[in-house]
Amino acid sequence: MNLENISCNKSFGGWHKQYTHDSKVLNCAMRFAIYLPPQASQGQKVPVLYWLSGLTCTDENFMQKAGAQRRAAELGIAIVAPDTSPRGEGVGNDEGYDLGQGAGFYLNATQEPWKAHYQMYDYIVHELPELIEATFPVSDQRAIAGHSMGGHGALTIALKNAERYRSVSAFSPITNPINCPWGQKAFTAYLGEDLESWRQYDSCELLKATANQESVNKLPIRVDQGEDDSFLQSELKPENLVAAAEQADYPLELHRHKGYDHSYYFIASFIEQHLDFHAEFLKG
């Protein structure tokens, strides 16, 4: 896959590295970051937490701002942070920050001009893990987490692929994109007018659907939400997620935090609790 290491920094006894590679799924060059804890250099295959970032972010935001490396090193968990969309010349884009490059929404686009490159769902679920597991000393024990648009991605991907993950968590996720401006704009562009296709990328709708299934692997879910988040009512709607989980009798922890907003200050304040949450299931 033309994998090229472009940076390498030692951190808490482990290594933070950035790579570029040619993605067949996205039809462009992609960048991702990986944190390998000290245990990965000691002959152990370590489990992996995939982190999906939000609108306008890249692989760098989480790795530089969240402060996750110390606890990940203690727990022996690798962290993989992909970019939020395909990028480059010839890749579809939009003037708005909430569509196009930096705003892939972790789905498979079906509409022009997006479908040639915007297959982020397949990239996150299949291509990237296959590359990670073939290249680095990691196991196939996976968890997934994210923030905002990335929280939407983590929840929907986990709910659609429960057999591939041990647990899922999110900070300030877009929980019900078919009913908020960010989601409606992106879904119309990427998926067209077919509302049924929208439901396949909506956490609330996916949770509701499990209520009618006889045998469902119900992953443990943790969500943290700041109560001073300026996007809380208009875009995030955690109460809709709680209602859908209750309807489906699905295990969901929602933690509300007074005074916290939508920023990485919030994520850094509680990232260690999320890593501990995932470690329980990755190693249990």
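Aromatic pairing in this predicted model amounts to 17 pairs of rings. One of these joins Trp51 and Phe171 in a tilted arrangement, with the centres separated by 6.2 Å and the planes at an angle of 55°. Trp51 belongs to strand β4 (residues 46-52) and Phe171 to strand β7 (residues 168-171), so the contact ties together parts of the chain that lie 120 residues apart in sequence. Burial applies to both partners, Trp51 and Phe171.

A further pair is formed by Phe105 and Phe187, whose geometry is edge-to-face, at 6.4 Å centre to centre and 75° between the planes. Phe105 is located in the loop between β5 (78-82) and α3 (120-135), whereas Phe187 is part of helix α5 (residues 181-191); the pair therefore links parts 82 residues apart in sequence. The relative accessible area of Phe105 is 0%, and this residue is therefore buried. Phe187 is likewise assigned as buried, because its relative accessibility is 0%, a value that falls under the 20% limit for burial.

Beyond individual pairs, Trp51 and Phe171 are members of one aromatic cluster, which also includes Phe62, Tyr260, Phe266 and Phe270.

Conventions:
Residues numbered from 1 in each chain as written. Predicted model: local features only at pLDDT ≥ 70, side-chain atom pairs only at ≥ 80, totals over all residues. Heavy atoms only, no water. Phe/Tyr/Trp six-rings, centres within 6.5 Å; stacked < 30°, edge-to-face > 60°. Helix = DSSP H or I, 4+ residues; strand = E, 2+ residues; numbered from the N terminus. Buried < 20%, exposed > 50% of the residue type's maximum accessible area, 1.4 Å probe, protein only.
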